[in-house]
Amino acid sequence: MERLTGRALIASRCAKFFKNGDFVNLGIGVPLMCVNYLPEGVDIWLEAEIGTVGSGAVPKWENVDVDVIDAGGQPASIIKGGSVYDHETSFAFIRGGHIDAAVLGTLQVDEEGNIANWTIPGKFVPGMGGAMDLCAGVKKIIVATDHCEKSGKSKILKKCTLPLTGANCVTDIVTEKCYFEVTSNGLLLKELAKDYTVEDVLACTEADVIVPDKIGVME
Amino acid sequence: MNYYIRKVVIQLLSKVVTKEEALSKIHDGQTIMFGDWHGEFAADEIIDGMIEKGVKDIAAIAVSAGMPDQGVGKLIVEKRIKSLITTHIGLNPVAGEQMLAGELEIEFSPQGTWAERVRCGGAGLGGCLTPTGVGTEMEKGKQKLMINGKEYLLELPLHADIALVKATKADTAGNISFRMNSRATNSTIAYAADFVIVEVEDVVEVGELGPEEIDVPAPIIDMIYVKTGEKKPLCPMWQRAKAKAEAKAKAKAEGGKK
């Protein structure tokens, strides 16, 4: 099998969290790439905030249905057995604890499981959309992110400095370098991607990291 | 006997109106809810009519700021909106510019909270208790209550003078139905305004929409306006994306010939 790196590796690792039949919400970008890496025998019900249960592949232009769209307003499809709901039912799924896992991108995440991904005051103010509801209601919040900003600054912090999207809600953090589980004692380094050492990870992680004796390989 | 009389009354009360009649209900300074999703599934022809009529100073409530050429976004670009209660403005950069320049007052609500605030407004509820936003700046100015050991924020209802709904189909009595994702926020907002105007693609006689096909019932709806333009146009965002994809495919084909 082709060896994955970077964002493909992040998506592939995140996809391994899902069990067959899970009800899952995936953010735009790397999170949505997870559907391309579902393990053999695992299929999921993908939720779209507009009110779709069972979002399918992006259709070709000749097959688009103007009444079927994704959370970003782009053309979408619905799988066999899928269904459509109104907006408040969609958020009842999310807030009501009915969704098994969500994968979110982020600007910052910290060792207490806080996440900040909706605004940089004065610069980037798009609004939070559905992200705060996901953080409040979904059991497993997986953060899929580059380990550092483009400037090289760590995104994995002791304490988020930007306004929070959710407090103490993140359960897992997957970057191109490693996978951390968020525990009550802090970030536990569970797996390392090939080419990276514990020292590499510690050097670019501002948060305190618990380094166990045995660390798995992330793939 | 009674049934027969009522049937006749419903047939007499057609709610189908012209665009001018619909626009006659819309005035400067009103609070208006817009049903849509990033400006798709919006009452496009009535919104265009509002721009032509010169309606301004609108307090808008919409799930997003649309796009500059879609939905409520068009009214924002034309500077007809003074305030907006919404969840996301990322696809309409003009809304962001106006907000940072102090021209457009924006209140952000998390999306599920926005939905429930609208629902409360339409359902006679004084608000809802949500865990969403606990521990974030959404707490600011709100009551926090502990229920069964968990913290919740009290979020207040939203209500409007007018709801501008887009539906797929209506009957003349005002029953409406939505196809696929197009209900979006449209079904929820229909309950949360004093006066409800619905733009539809098609209208049918009473009885043609069966009880299970009706998503919002006639008593909730005040006016039905039937679109005169294309029923299901590709929205501008999709037109651009399609043109880009076609240009790319063409360039690839031509490149391949060399």
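**View 1. Packing of the buried residues of H3(B).** In this predicted model, the buried residues of H3(B) pack against helix H2 (19–23), helix H4 (72–77), strand S9 (160–171), strand S11 (193–204) and strand S12 (223–226) of chain B. Helix H3 of chain B covers residues 44–53, and its buried residues are Asp44(B), Ile46(B), Ile47(B) and Met50(B). Buried means that 20 or more other C-beta atoms, placed from the backbone, lie within 10 Å of the residue's own. Helices (H or I, at least four residues) and strands (E, at least two) are DSSP runs, numbered from the N terminus.

**View 2. An open sheet of three strands in chain B.** The strand order is S6-S8-S7, with antiparallel pairing; strands pair if DSSP finds at least two bridges between them. Strands S6 (128–130) and S7 (144–147) of chain B are the edge strands, each pairing on one side only. S7(B) is joined to S8 (residues 150–155) of chain B by four bridges. Met146(B) has Glu151(B) in S8(B) as its bridge partner.

**View 3. Contact of H3(A) with H6(B).** The axes of H3 (residues 87–95) of chain A and H6(B) come within 9 Å and cross at roughly 130 degrees. Axes are lines fitted to C-alpha atoms, for helices over the stretch in contact, and angles run from 0 to 180 degrees between N-to-C directions. Residues in contact have C-beta atoms, placed from the backbone, within 7 Å. Among those in the contact are Phe91(A) of H3(A) and Ala115(B) of H6(B).

**Numbering and confidence.** Residues are numbered from 1 along each chain as its sequence is written, and chains are lettered from A and ligands numbered from 1 in the order in which they are written. Local features need pLDDT of at least 70, side-chain atom pairs count only at pLDDT 80 or more, and totals for chains, interfaces and linings use all residues.

Conventions: A residue is buried if 20 or more other C-beta atoms lie within 10 Å of its own, exposed if 12 or fewer, and partly exposed in between; C-beta atoms are placed from the backbone. Two residues are in contact if their C-beta atoms, placed from the backbone, lie within 7 Å.
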